[in-house]
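Let's take a friendly walk through this model, from the overall fold down to a few aromatic side chains. Please have the sequence and the structure in view as you read.

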Amino acid sequence: MNQAIGWAAMGTGFTLLMTSLGASVVFIFRKEMGKSIQRAFLGFAAGVMMAASVWSLLIPAIDGTKEAGGIAWVPAAGGFVLGGLFLYLLDFLMPHLHLGEKNPEGVRSSFHRTTLLVLAVTLHNIPEGMAVGLAFAMAAQHPQDQALYAAAFALAMGIGIQNFPEGAAISLPLRQEGMGRGKAFVLGSLSGVVELIFGIGITLIALQIAPYMPWFLAFAAGAMIYVVVEELIPEANQGEHSNLGTAGVMAGFLVMMILDVALG
């Protein structure tokens, strides 16, 4: 168990580090990220998450169920639906404000606009942390299968790459809101802490009920796909030149697919 938790902490720690590196650009750039670049980055994040949901989560869930002698599609479909419902509830209940929007979503609150912006990014970091944590937990459960470790590293690498622009996408707008560079950097970095928390948390749960690992994997996939369809793709296609967002999706999917297939 300790080994699995250690790997999960390392994997999600890397994604947190990449978020912090992205947030650090607030010390370099004075202006907010251009809309075209922002759309391309959002699309890239969506592509990475879609590919990770298939290759790193759903396919292992199906294969694991087959090996256990179960009905392959049941955990994959059931967990996928539950993951989507989980994110739907969070999206419905958690107060948050998406970039470029004026009206916050979720239950009414007295939170400041900057807090709502951070919560919006935090919301879709939750399934990313869960996915990385579960990938390393599954690898730790099968120490003889080195391919699982490679696949987990590939997933952490892919999520980490797309976390860099996410960190910048939260720290730069906070700076534009009048916040000091130091505080904007800290809040941008903290938006990635949720990945570490949920990654280790779900690993602890999954290790206690290991036979249900396929359900957990599919759960993380459903949560990620919900974020992609509900938030990332619509935001990536706002305004003119939405083809940049589409190109970002294609590039992100391609990068994550190559990482998973080549390393896993």
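Helices (H or I, at least four residues) and strands (E, at least two) are taken here as DSSP runs and numbered from the N terminus. By that rule the protein chain has nine helices and zero strands, and its pattern along the sequence reads α-α-α-α-α-α-α-α-α.

A word on the ground rules: this is a predicted model, in which local features need pLDDT of at least 70 and side-chain atom pairs count only at pLDDT 80 or more, while totals for chains, interfaces and linings use all residues. Residues are numbered from 1 along each chain as its sequence is written, and side-chain values use heavy atoms, with hydrogens and water left out.

**Overall form**

The C-alpha trace of the protein chain spans about 55 × 35 × 35 Å along its principal axes. Its radius of gyration is 18 Å, which agrees with the value near 18 Å for a compact globule of 264 residues; the radius is taken over C-alpha atoms, and the globule rule is 2.2 Å times the number of residues to the power 0.38.

Of the 264 residues, 51% count as buried. Buried means under 20% relative accessible area, exposed over 50%, and partly exposed in between (1.4 Å probe, protein chains only). Taking contact as heavy atoms within 4.5 Å, residues 24 or more positions apart account for 81% of the contacts with a separation of 6 or more.

**Aromatic pairs**

Rings of Phe, Tyr and Trp (its six-membered ring) pair if their centres lie within 6.5 Å; planes under 30 degrees apart count as stacked, over 60 as edge-to-face and the rest as tilted. The count comes to eight aromatic pairs. Two of them are set out here:

| Pair | Centre to centre | Angle between planes | Class |
|---|---|---|---|
| Trp7 and Phe153 | 5.5 Å | 90 degrees | edge-to-face |
| Trp55 and Phe253 | 5.6 Å | 75 degrees | edge-to-face |

What does the pair of Trp7 and Phe153 tie together? Trp7 lies in helix α1 (residues 2-23) and Phe153 in helix α5 (residues 146-176), so the pair joins parts that are 146 residues apart in sequence. Trp7 is partly exposed at 23% relative accessibility, and Phe153 is partly exposed at 34%. Ring pairs also link Trp7, Phe136, Tyr149 and Phe153 into a cluster.

Trp55 sits in helix α2 (residues 35-67) and Phe253 in helix α9 (residues 243-263), so this pair ties together parts 198 residues apart in sequence. Trp55 is partly exposed, with a relative accessible area of 25%, and Phe253 is partly exposed at 26%.
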